[in-house]
Amino acid sequence: MAEVVLKDVVKNYGNVYAVNNVSFTVEHGEFVALVGPSGCGKTTTLNLIAGLIPMSGGDIAIGDRIVNDLDPKDRDIAMVFQNYALYPNKSVFKNLAFPLQMRKLPKEEIARKVNDAAKLLDITHLLDRKPRELSGGQQQRVALGRALVRDPAVFLMDEPLSNLDAKLRVQMRSEIKRFHHNLNATVVYVTHDQLEAVTMADKMAVMNGGLLQQYDSPANVFAHPVNTFVASFVGSPAMSLIPLDVATQGTETSLRSPEEGWELPLSPMNARKANASSNGKVVLGARHSTLKLHRQAVPGAVPGKVYTVEPTGDVTFAQVFISGAVVNISLDPSVVIAPDEKVWVEFDQERMHLFDGQTTMALQAA
Amino acid sequence: MSIATGRATAPLAAGTTRKRAGILSRIIAHRTDYLYVLPALIVMLVVIAFPIYYTIELSFFRTPPNLQMRDKIWTGLSNYSTVLNSSVFHEVTIQTIIWTIASTVFAFLLGLGAALALHREFAGRGLLRALLLIPYVISAVAASYVWKWLYHSDFGVIGAISVALGITDEPINFLDNRQTVLASLIVVNIWKEFSFAMVMLMAGLQTVPDQLHRAAQVDGANTWDRFWHVTVPHLKGVSMVTILLLMVANFNSFIIPFVMTGGGPADASHIWITHIYQLAFGRQQWGVASAYAVILFIVMMTFGYFYVKALTRGDETRAGD
Amino acid sequence: MAVISETAIRPVVRKPIDWWRWAGRAFLTFLLLFTVLPMAWMVLTSVKSQFAAMQYPPQWWPAEPTLNNYFKLLDPNSRVGQDFLRYFWNSFYVSLVTTILGVVVAVPAAYAFSRFRFPGRNFMFFAVLVRNMFPAVVFLMPLFLLMRWMGLVNTHGSLILTYLTFGLPLSIWLLKGFYDNIPIQLEQAARIDGATRFQAFLLIVMPLSTPGIIATSIFSFIGAWNEYVYAYTFLSRDSQMTLPVGIQRFFTEFATDWPGLMAATFMMSVPVVVLFLVLQKYFVRALTEGAVKH
Ligand SMILES: Nc1ncnc2c1ncn2[C@@H]1O[C@H](COP(=O)(O)OP(=O)(O)O)[C@@H](O)[C@H]1O
Ligand SMILES: [Mg+2]
């Protein structure tokens, strides 16, 4: 077991910076999810940790060793690939045995370890089959087994669940979590699905365009997104974002809709944040559960128009146009409301987010 | 809370200012990659680069028939003017063009027809495809002998059939006749290679999505419309490559004319390649033949440009380092 | 025109004749005759006596079929048989060695072209492909000189060396196509599982590219077996000759023995046709690989 440290890691292909100056530390035994949209550099980061591709700059340490120049085989890691990468011409047994053979373990020990891993993963009955004779879920287990069998210091997983159907994905999610718990393993887990990251990880590293946006616990990332990208990426449905102007009259600060002219007065705390904006514009962020819907005008509410209504069973989501932006609001299923209806939306001053209109960074009270 | 401040919108950090690696350091970084290519490279150099250089050199000299290089005499461009001014060269050039174009067009059309007819599943389809491919697989020498026998002026079966069917009064002398010889050889060539076009186009047809055909059918397109608007656009790429490969192969063919007629009668079935061979190894005019080869070389480079372009289409950079 | 769904019940309406289908069948029949009749005539002639073959009008069906022509070719005690068997062996030896060496050289090169992006890669790849374009004759004179200088004239070495090069571009191209289809993640997995780059190649990639290697081998073998120009130019000694050149010398020495020649031609075609029929799948795949991108 070991910690993993990335320091100023860079990987570029010509002018394309797949990974740009990324630093973070995965503590011993921690489960870290590397999350971000497709093409943001997650796989590249993982491959750099694994040593599959050479770094353009920076340092990576696993345990107390700088591993920059070490071959993958010498880094004491195991990896699970998105498409499983099972050796198609080898049986399941041979797939599991391969990493042990490469380490020149005696035959009996290999057989014992393979059987142990197979039992753990409940794939003992599949040992003689070829990968193509397995279902997606079974292949997934074999891939996991091939990583487990060797007892490595660090597990790397690249979107291991994305090829499974929705139901199986939920099941494997809890199994992987369970393994992590039982083995107390250090895991770096790549996914483009923020829900997976939020539900599984101790910490999540949100990436975009090769840059690390935020590295923190899911709860903190959810509660305090550092910028509009993270705010809109984490959470489902996403945080709603409304671009507004800052209007100051005497000591009162409010937000004004540039299109509709209405004003939303701010609490003193939020006013201080809004006044820190670099260009007099802010982006107001609010999660669906913090908003209240009214059928008449009430103080502190702003006007909007219902766009669609989506009942999901235990919650109904309404999408409301406010100042040209679409805002998600969760409602009790008993509420009856129709598209095009005129409504008023009340914001929770304690739980709203304010981002700089120019830099998109979360505003701090000055 | 650890935060990477401003990364999303701030101008790119350290990475962008890093200098682009120089070509030399890139070569050094990839030095082991070259080991894989080295054996192939050496063989190719010895047997390709060296001969090309040598041909060019020979084309500027008059070299004695026994090819003793130390006795060669510098003649400048005179070998080139000998080639370009000879009337046989002009005649052979026209024959080469006819040979190349006619063989390509007919082989392609027969292949296309066969591919379309074979696209539908039916019993014995695999066997039929295999049978049609046999001429392509066997040696051109074998094909030449078989057809030489079919065309035989006295006992040839083709002549006998045409008499039996009342098409002609007596057997035609196909090969010893300036009027018929080139066409007769082209038939052999088409026989030999149409199934190549067939296989290529069959593979191409498999890439046409069935859904498109069904969609067109629903839109009221008849068989011809569907062929023209669905199949043809999809076959464009494969057809390009197939035609290019056929052109190159036909332009370069040697065995059929050489074995069947030796370029005769009176040069009527020579094409560039057989003509060069005759000038070199028949008449020992090494310089002239080399100049001829260099001219051919230049023509081929033009072909080559399109060929590589057509073939490397889609060879976009893949992952991997 | 109304579109009638196929499930609609049409008890009375007869299916209209599909003219396209019939045109297709007629065309295939024509092609089949065009392809098969010449080969059939070769076989029919080969079982005739010299006398029976040289008749006008021809004997459409051999009156007294005989296998004498084949016995003669395969009889190690007759002069004809000795020569033919020696040519056969020479062809086989040269083709086999060419094929094996070709695979050994082409595999690493194709792998490198598929996986690595090294400076000069595109140029080398271009050079390899362009070699495909040039006819043998262009290289013949200088190669003849080169072989003479290396003392390889009248040896099988000269043929193997030249066949190797004209087979390589195609082999490399074909194999590259196969390697392109093997996911790079398999090698990455192997390297993480403790293999070196070379072990990953040897233990994981090589076994998976077996179909490609078979396909490439068939191509090299058939190409070498059928080759004529270099063999005709580089070899003048009877004992060295390969079949395509050998049978020609053989039968023009005297007045042409057409049935004998047809029998020899048939025998010469048997190995490649058998090879092709057995490994047809690979052959066709190799032929179309690269040209047809899915
Ligand atoms: N071998 C390569 N050559 C050039 N660009 C690459 C290569 N590998 C990855 N990239 C680029 O790097 C970026 C990040 O890729 P990747 O790490 O695979 O993204 P993710 O896994 O987050 O979807 C992408 O823009 C991709 O196009
Ligand atoms: Mg990825």
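**Conventions.** I number residues from 1 along each chain as its sequence is written, and chains are lettered from A and ligands numbered from 1 in the order in which they are written. In this predicted model local features need pLDDT of at least 70, side-chain atom pairs count only at pLDDT 80 or more, and totals for chains, interfaces and linings use all residues, while side-chain values use heavy atoms, with hydrogens and water left out.

Entry 1: I looked up the strand order and found an open sheet of four strands, S2-S1-S4-S5 of chain A, paired antiparallel. Strands (E, at least two residues) and helices (H or I, at least four) are DSSP runs numbered from the N terminus; two strands pair if DSSP finds at least two bridges between them. At the edges I noted S2 (16-26) and S5 (65-66) of chain A, each pairing on one side only. S4(A), residues 57-62, is joined to S5(A) by two bridges, and Ile62(A) has Arg65(A) as its bridge partner there. Helix H1(A), residues 42-50, packs on this sheet and touches S1 (4-13), S2 and S4 of chain A; contact means heavy atoms within 4.5 Å. The direction of H1(A) makes about 120° with that of S1(A). Axes are lines fitted to C-alpha atoms, for helices over the stretch in contact, and angles run from 0 to 180 degrees between N-to-C directions.

**Entry 2: ligand 1.** I placed ligand 1 between chains A and B. It is surrounded by 11 residues, the closest being Gly39(A), Gly41(A), Lys42(A), Thr43(A) and Thr44(A); a residue is near if one of its heavy atoms lies within 4 Å. H1(A) gives the largest share of this shell, three residues. By class I have four nonpolar, six polar and one charged residue, where Ala, Val, Leu, Ile, Met, Phe, Trp, Tyr, Cys and Pro count as nonpolar, Asp, Glu, Lys and Arg as charged, and the others, Gly among them, as polar.

I then read off distances to oxygen atoms of ligand 1. A backbone N or O atom of Gly41(A) is at 3.0 Å, a polar backbone atom of Lys42(A) at 2.9 Å, and a polar side-chain atom of Thr44(A) at 2.4 Å. Taken alone, ligand 1 exposes 560 Å², of which the protein buries 68%; areas come from the Shrake-Rupley method with a 1.4 Å probe.

**Entry 3: the sheet with S15.** A five-strand open sheet runs S15-S19-S16-S17-S18 in chain A, with antiparallel pairing. S15 (292-294) and S18 (325-331) of chain A each have a single partner strand, so one side of each is left without a neighbour in the sheet. Neighbouring strands are turned by 45° against each other on average, direction ignored. S17(A), residues 316-322, pairs with S18(A) over seven bridges, and Ala318(A) stands opposite Ile329(A).

**Entry 4: S9 and its partners.** S3(A), residues 31-35, runs parallel to S9(A), residues 203-208, with four bridges. S9(A) is also joined to S10(A), residues 211-216, by five bridges in the antiparallel sense. S9(A) and S10(A) form a hairpin with two residues between them, and Gly209(A) in the turn has a positive phi of about 55°.

**Entry 5: backbone checks.** Most residues other than glycine have a negative phi, and most peptide bonds are trans. Glu159(A), not a glycine, has a positive phi of about 45°; it lies in the loop between S7 (154-158) and H5 (166-183) of chain A. The bond from Ser236(A) to Pro237(A) is cis, with omega near -5°.

Conventions:
Polar contact = N/O pair within 3.5 Å; in protein donor to acceptor, adjacent residues only side chain to side chain.
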